[in-house]
Structures are given as structure tokens and as C-alpha cells.
Amino acid sequence: MSDFKSQISEGIPGYLPEPRSYDSSVNHAPRRRDILTREEKKLALRNALRYFPPQLHGVLAPEFAAELRDRGRIYMYRYRPAYEMKARPVGEYPHRSVQAAAIMLMITNNLDPAVAQHPHELITYGGNGAVFQNWAQYRLAMKYLSVMTDEQTLVMYSGHPLGLFPSHREAPRVVVTNGMVIPNYSSQDNWERFNALGVSQYGQMTAGSYMYIGPQGIVHGTTITLLNASRRLREPVDAGRRSRLFISSGLGGMSGAQPKAGNIAGVVSVIAEVNPRAINTRHSQGWVDEVHEDITVLAERVRKACRDGEAVSLAYHGNIVELWERFADEGLWADMGSDQTSLHNPWAGGYYPAGLTFEEANTMMADDPERFRSRVQASLCRQVEAINRHTSHGTYFFDYGNAFLLEASRAGADINDGHGGFRYPSYVEDIMGPVCFDYGFGPFRWVCCSGDPADLEKSDLIAAATLELLMNDSPGDIKQQMSDNIHWIREAGPNRLVVGSQARILYADARGRTMIAEAFNRAIAAGEISGPVVIGRDHHDVSGTDSPFRETSNIYDGSRFTADMAVQNVIGDSFRGATWVSLHNGGGVGWGEVINGGFGMVLDGTPEATRRLRSMLLWDVSNGIARRSWARNSGAVAAITREMERTPGLVVTMPSQADDSLLDSVLG
């Protein structure tokens, strides 16, 4: 057995591994604030030590106490594996179940230093989107996956492997929950406390569900957003421009997709980022074209690029507030603007306020959290003031689902519309909801488990051919979406989107997802694709997420604060054939603000895989369309009506429309 396989199979070793030195070349999570009482710290240590035999506690207890003091969490750095963390071909993982091996591939991809934001703290993206809480959990989960059969299910509680339980071949191999706390205990402070105690974690969306595929995972959706935002603008803000100007912030995890999406959409994008490591990573990966530190030089470069009609991405190593302000002072108005700082996590590294260096902010958030909170809120007010100056000159600004509008309003910024809402829309309200989600289009994705780029190339060709076939009889209300998606998949290879596993994202509706997955399964059976393919999606989808300020923000019947859809979706996926399912509190806009879920399914070329995908993908999309139809969204009404005509056995309750004049008359 290889050293890699033996280390996976041993799980938590019965001996003490050598301590791992702190690697300063890796992007680390900021020190978390000291929130536990002395008795709670004692409980956190007791909780951590239960993974290890008592004879090791004398060494580990002071070590874990130091981590809790110095880092604010117990990560168990000593137990970080010595092997290279990356997605390997599925056959290289020790396994008795191919499905379990595919899940191991997805987990190691989420923790690949080229993919993950803070890999040594087991955080994939978003500042706190964790796969596990500590390295003992990782080791134990991987051991269970290596020995489990297709007659067992692994249960995961917020990163903790509860154990293997007897089940059956049609049951999920893994069931994941993250952050599922009692609602009244779902505040930001509660998350900090529970996470420090080692009893809960913030799984974001695809971090804790093992479905992250690097910044590619959001670049298609960002491209769709920018294309449709441009279509909303009749003329550029400046008549002398041949390219539109897009301003935003964030080059870390998901936000790192913005510059690549800007290039694909044909705009000049300027993305501010305070973390030099994040900038260097995206620049070295080819996801951003140029890096600028001198804002005067940057402004001149932007003017030239817009005047000459370039499609170019420019990183600004500096604070987004100062960028908005300086461009406003110079009359360099954005055509489009947004923000992708991690404002779901504003007090612990998700947002860096103006007037502090990156290092000063990291120190203050841990040592003086109340002062840091005040600085963040003051910075948000400044940022909104500068954005308002831009929008008064025609800029189209949208919230990109990171809780920017929500946190800015809580900070007292001039962001409200005077009618209980915000003066700027969420991108889902204006674009993603009515253009994509209501019609069933969402972020379908797949991973070629062979690790062979040739398999990914073959899958791209299969997906493109499938969409082109569907385009021939697509109704007029989805022709534009189909055209955009075909263009995307045709250009996906040349755009060099892969970071980590051999993965692809493609917006598709239920019919498209099903036909593409069926074609993949046939290709695997025929040997045209050399290994299994994992299919899944972002939780940010038609049915996967109940989030009133993002995914369900364009639902206006009063139900956008309910979470029946996301919970029902996970339950339905689990008995229709999913290989693994996950349900999370938090994701995108923050802990306590959203319930979301997802799935993964392994296609292995068998008839059973075809049966499962047909059953599950129809439900996974149609559930959300039916809910949106009941909310009286016209696109969803049309889409679910077509699906009922196409699918025997599908019967959805349809809404009647009430006349407003009648309602006004009875209410006096």
C-alpha cells in the first residue's frame, strides 16, 4: 500500500505525529476573537481531546490551549497530513466503495492550497466556509470513507464524523449537516462561540458539502450577471467609452471569479483587494490580467482601456472604499458596480475597513473587536456614500449576495429606499431570478474523477452538443439563456478555467441537466470517458437555497423568509438517488440569514445511475420552479406548465391571480 493510501487508512494515528511548523507562505485565517469564558475554554479543550487516547493528552492539552489562545480556534495543526493535498484520480484513494472514493476526491480538492482560501485552517472560501473544524475530523472522515461499503452511510455533524451506519445501496453514502442550531441561537456571536467550542461550523455552501470547484464555480453566474447588467444599460455612462467599466472588490475565494467573468463579458473590470496573497494567487493563475498599487496610474489605465474598447481585468491592491471615492473625485464613473467582500462575516476578516492596513485590521479584530466593529460600520457608510455619487451619474449598482446591503443598512448607511427595502437591487431580483431561476436555469457542475483533462474536454463537447440539440425546439422566452450557455461551454476550454479538479460549471435547466448527465453516463459505459463523473451544483440554485436577500429575493408573496423549499429539496434528493446530500445554516449572506442544501451524484455508466439521475434531477429543479410559480412569478408559471406537459405524473398546484382593484375595494 502506498504511503498516501496508508495515511488515509490509518485515520487518527495512535502515536503522536511530529509537530507541523507554521507555513508563512500559505494564506492563513485571521486570529479569531477571544469569546469564551474560562470554563468554556476548558470545555473546548475537553471536546478536542476526546478524539485522542488519554495517554496523549499531556502533550496535546497545552498545545491545543496555545492554538485556542493564539488562533482563537483549535485546528490541531500537528495532525495536518504530510502528503500533498489535492484531488487525485479516483483509483488512487483506498476504498471499498467507488462512490466513497469520489467523495474523498471532492474533499481533498476543497482543501487543495491552490483552491482553498485558508487551507491549513480547513477553510475553503468566504473567510469561514469550512470543510471540517479540525484535522482530526478530516483524518477520521477519510478513514471511514476508505473502509465503508455501499451498504453504509456516513453521518457528518458540522465536520464531525458521527459514524458509519447500516443503510442500503440506494441510500446516500454521506449525509452532511452544517450549523444546524436552534433558530434562537443563530446569531453571529453564537456562531463564534459554538465554533470555538468545536461543536458547530459554518459550511458556507459548497465548502462543507464537498462541491467547491474553485473560482470557476461562480464565474459562469458572474458572467451571466455582467452580460445581463450590460443589456440593462442603453448607453455607457461616458459616451467616449467603447468598453463598459465594472468596479467591485474581492479576489479571495468565490470573489476571485470577477475579473475572469469581466473578461468573458467584454468589460473593463477593476477589483480591489487588500490581501496581497489573494492578489498574487489570482494573478499567477491567470484570473486577473494586471496588478496596480498606484491609484493614479490605475485611473489612467482605466481611461485608456475604456476608450480603446479593451476587455481587461485590473486588480487594485488597496481598499475598495478609497477606490470608489477616488474615481468619483475624478469623475471616472462606473457603468456597473457591485461588492464581493465577505460581509456575511463582517467582524472576523470578511470586510477590511478603510484607514487600516491589512495587518492592523487583523490585529484589531482579535484584540479590540468592538473598536473594529465601529471601524467596519464607518467604512461601510463611506463606501455607500461614494457608491451613491456614482449611481447619481448613471452607474447600475447591484448587491452580489454577500449581505452588503444588509450590513450597510445595519451600519446606518444611506442605503434604504424609504419603503422598507434597499435603494439598490440584489442581482437575483433584477437578473438571476427572473432570467435564470424562474425558468429552472442554474449552476449545474461536474467533475471528471479520472483527473484526465481529455475527459473534461470530451464532456464539454457532449454538453455543447446536447444544448445545441435542445436549442432547436426551445421556446422564445429561454432562447437568450440557451444561447449564452452554449457560448459559455464552447469557450470554457480556451478560457482556462480549471483550478484544482477537472471540473466544469454550466447553467442549464432540468431538461438540459438530465440530458447532459444521461449522455455522460452513456459515454462512461462506452469507455469514451475513462472514469466516473460526479455531478452536482452550487447551492445557489433554483431550489437549493432559501435566502431572502439573495436566492429568493425575487419572491414577493411574503414567503421569502421561509425555508420549506431548501429543506424539502435535500429530503427529496436523498431518496431519489443522490450519492451524498447536505443541509446548511448560513451560506453567502451569513449564519442565521439562509438555509441551503446540495447534493453530489456519482455517474458510473450503469443503468442504475441513469435511473437515479432521471428521478433526482427532475425533482431537484422542479421543486424550486413550482415554489416560484406559486409565488406568481410569470417565468416560473410558464416553465412549470411546460414541464407538466412534458412529464407524466407531475402535477403542480397553480396560482390564480387576484384583481388589485377588487382588493383595494374590499379594504376600503
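# Salt bridges and helix packing

Asp477 is partly exposed, with a relative accessible area of 30% (buried means under 20%, exposed over 50% and partly exposed in between, using a 1.4 Å probe and protein chains only). Welcome to this structure, which is a predicted model: local features need pLDDT of at least 70, side-chain atom pairs count only at pLDDT 80 or more, and totals for chains, interfaces and linings use all residues. Residues are numbered from 1 along each chain as its sequence is written, and side-chain values use heavy atoms, with hydrogens and water left out.

**Salt bridges**

- Across the whole structure, a search turns up 41 salt bridges (a side-chain nitrogen of Lys or Arg within 4 Å of a carboxyl oxygen of Asp or Glu).
- One of them pairs Asp477 with Arg642, at 3.3 Å from N to O.
- Arg642 sits in helix α21 (residues 634-646) and Asp477 in the loop between α16 (453-471) and α17 (479-491), so this pair ties together parts that are 165 residues apart in sequence (helices, H or I with at least four residues, and strands, E with at least two, are DSSP runs numbered from the N terminus).
- Another salt bridge links the side chains of Arg301 and Glu310, with N and O 2.9 Å apart.
- In that pair, Arg301 is buried, with a relative accessible area of 18%, whereas Glu310 is partly exposed at 22%.
- Lys86 has Glu84 as a salt-bridge partner, their closest N and O atoms lying 3.6 Å apart.
- Lys86 is partly exposed, its relative accessible area being 32%.

**Helix α1 against helix α5**

- Helix α1 (residues 3-10) packs on helix α5 (residues 135-147) at an angle of about 105°, and their axes are 6 Å apart (axes are lines fitted to C-alpha atoms, for helices over the stretch in contact, and angles run from 0 to 180 degrees between N-to-C directions).
- That angle makes α1 roughly perpendicular to α5 (under 35 degrees is roughly parallel, over 145 roughly antiparallel, 65 to 115 roughly perpendicular and the rest oblique).
- Gln7, Ile8, Ser9 and Glu10 of α1 make the contact with Tyr138, Arg139, Met142, Lys143 and Ser146 of α5 (contact means heavy atoms within 4.5 Å).
- This contact has 3 nonpolar, 3 polar and 3 charged residues (Ala, Val, Leu, Ile, Met, Phe, Trp, Tyr, Cys and Pro count as nonpolar, Asp, Glu, Lys and Arg as charged, and the others, Gly among them, as polar).

**Helix α16 against helix α18**

- α16 and helix α18 (residues 510-525) have axes that come within 9 Å and cross at roughly 140°.
- The two helices, α16 and α18, are therefore oblique to each other.
- On the α16 side, residues in the contact include Ile462, Leu467 and Leu470, and on the α18 side they include Met515, Ile516 and Phe520.
- By class, the contact of α16 with α18 divides into 10 nonpolar, 3 polar and 1 charged.

**A stop at Arg576**

- You will find Arg576 in the loop between α19 (564-574) and β16 (580-585).
- Arg576 is partly exposed, at 24% relative accessibility.
- Leaving aside residues up to four places away in sequence, Arg576 touches Arg612, Ser615, Met616 and Trp619.
- Arg576 and Pro172 are 404 residues apart in sequence, while in space they are 9.4 Å apart, C-alpha to C-alpha.
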